[in-house]
Each structure stands twice: as structure tokens, then as C-alpha cells.
Amino acid sequence: MSYTVTWINSALDELAKLWNRTADRQDVADAANRIDLILRSNPYAHSESREENLRIMFAPPLAVLFEISDADRIVTVRAVWQPA
């Protein structure tokens, strides 16, 4: 059973900024698509737990902070950035 992946507006805005600033826009787009695919199928598999209900996942060149609602089968991306 899959999850529905949503991104809060501030995370989408940051993703757009990252995409606009990078020399390799396709790389950022591919990473965002990978993130969606992984979170949709099994958000626990490639992520690490953080404080409260938050988890972190790396899909170079991006990283995301997200939370999972198992009861609703929803993953909410709270933040995205490019790790140094």
C-alpha cells in the first residue's frame, strides 16, 4: 500500500529556488522525483529518524525533512535543501 506525498508550500518554494540557482536543473528535478517515488513506496526504508515525528532522507543533490502519518498514509515534506 502506498503513501500520498505532499510538500508544504515553503518546501516547494525552496525547491524552486534550488532549481533556479543550480547549473544542473535536471539533476535537481531527478532528485525531487526520486524523493517522491521513495517516500510514496516506503518512507522508512531510506531515511533516518529525527526529533518528534520527523525523518530525514538524502537523495543527492537534495535532502528532505519529512513526517509520516501512518494512519492516513500521508508523508509531508517539511523542508528541502542541498547539503554541503
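Mentor: Let us begin with the helix pair: L15, W19 and N20 in α1 meet R25, V28, A29 and A32 in α2. Please bear in mind that the model is predicted.

Trainee: What makes α1 and α2 roughly antiparallel to each other?

Mentor: Their axes come within 8 Å and cross at roughly 150°. Angles over 145 degrees count as roughly antiparallel, and α1 and α2 are therefore given that description. As to handedness, α1 passes α2 in a right-handed crossing.

Trainee: Which residues of the largest nonpolar core touch the most other members?

Mentor: The core has 20 residues, and those with the most such partners are W7, I35, L39, L62, V64, F66 and V77. At least two residues each are supplied by β1 (4-7), α1 (9-21), α2 (25-41), β3 (54-59), β4 (62-69) and β5 (74-81). The largest share, 5 residues, comes from α2.

Trainee: What does L39 touch beyond residues up to four places away in sequence?

Mentor: L39 touches Y3, V5, M57, F66, V75 and V77.

Trainee: Why is V80 called buried?

Mentor: The relative accessible area of V80 is 5%. Buried means under 20%, so V80 qualifies. This residue lies in strand β5. Apart from neighbours within four places in sequence, V80 is in contact with W7, A11, E14, L15, L18, L62, A63 and V64. V80 and F66, 14 residues apart in sequence, have a C-alpha to C-alpha separation of 9.0 Å.

Trainee: How do you know whether T76 is buried or exposed?

Mentor: Its relative accessible area is 14%. The cut-off for buried is under 20%, and T76 is therefore buried. T76 also has its place in strand β5.

Trainee: What makes the pairing of T76 with T6 a polar contact?

Mentor: The side chains of T76 and T6 are joined at 3.4 Å, and the limit for such a pair of N or O atoms is within 3.5 Å. The pair is accordingly listed as a polar contact. Setting aside neighbours within four places in sequence, T76 is in contact with T6, I8, L65, F66 and E67.

Trainee: Why is E52 counted as exposed?

Mentor: E52 has 77% relative accessibility. Exposed means over 50%, so E52 falls in that class. The residue sits in the loop between β2 (48-49) and β3.

Trainee: What is the phi of E52?

Mentor: Phi of E52 is near 55°, a positive value in a residue other than glycine. Most residues other than glycine have a negative phi.

Trainee: Why is R73 called partly exposed?

Mentor: R73 has a relative accessible area of 24%. Buried requires under 20% and exposed over 50%, with partly exposed in between, so R73 belongs to the intermediate class.

Trainee: Which kind of peptide bond joins P60 and P61?

Mentor: The bond is cis, with omega about 10°. Most peptide bonds are trans. P61 is found in the loop between β3 and β4.

Definitions and conventions
Residues numbered from 1 in each chain as written. Predicted model: local features only at pLDDT ≥ 70, side-chain atom pairs only at ≥ 80, totals over all residues. Heavy atoms only, no water. Core = buried A, V, L, I, M, F, W, Y, C linked by side-chain atoms within 4.5 Å. Buried < 20%, exposed > 50% of the residue type's maximum accessible area, 1.4 Å probe, protein only. Helix = DSSP H or I, 4+ residues; strand = E, 2+ residues; numbered from the N terminus. Contact = heavy atoms within 4.5 Å. Polar contact = N/O pair within 3.5 Å; in protein donor to acceptor, adjacent residues only side chain to side chain. Axes fitted to C-alpha atoms, helices over the stretch in contact; angles between N-to-C directions. Parallel < 35°, antiparallel > 145°, perpendicular 65-115°, else oblique. Left-handed = near helix turned anticlockwise from the far one by under 90°.
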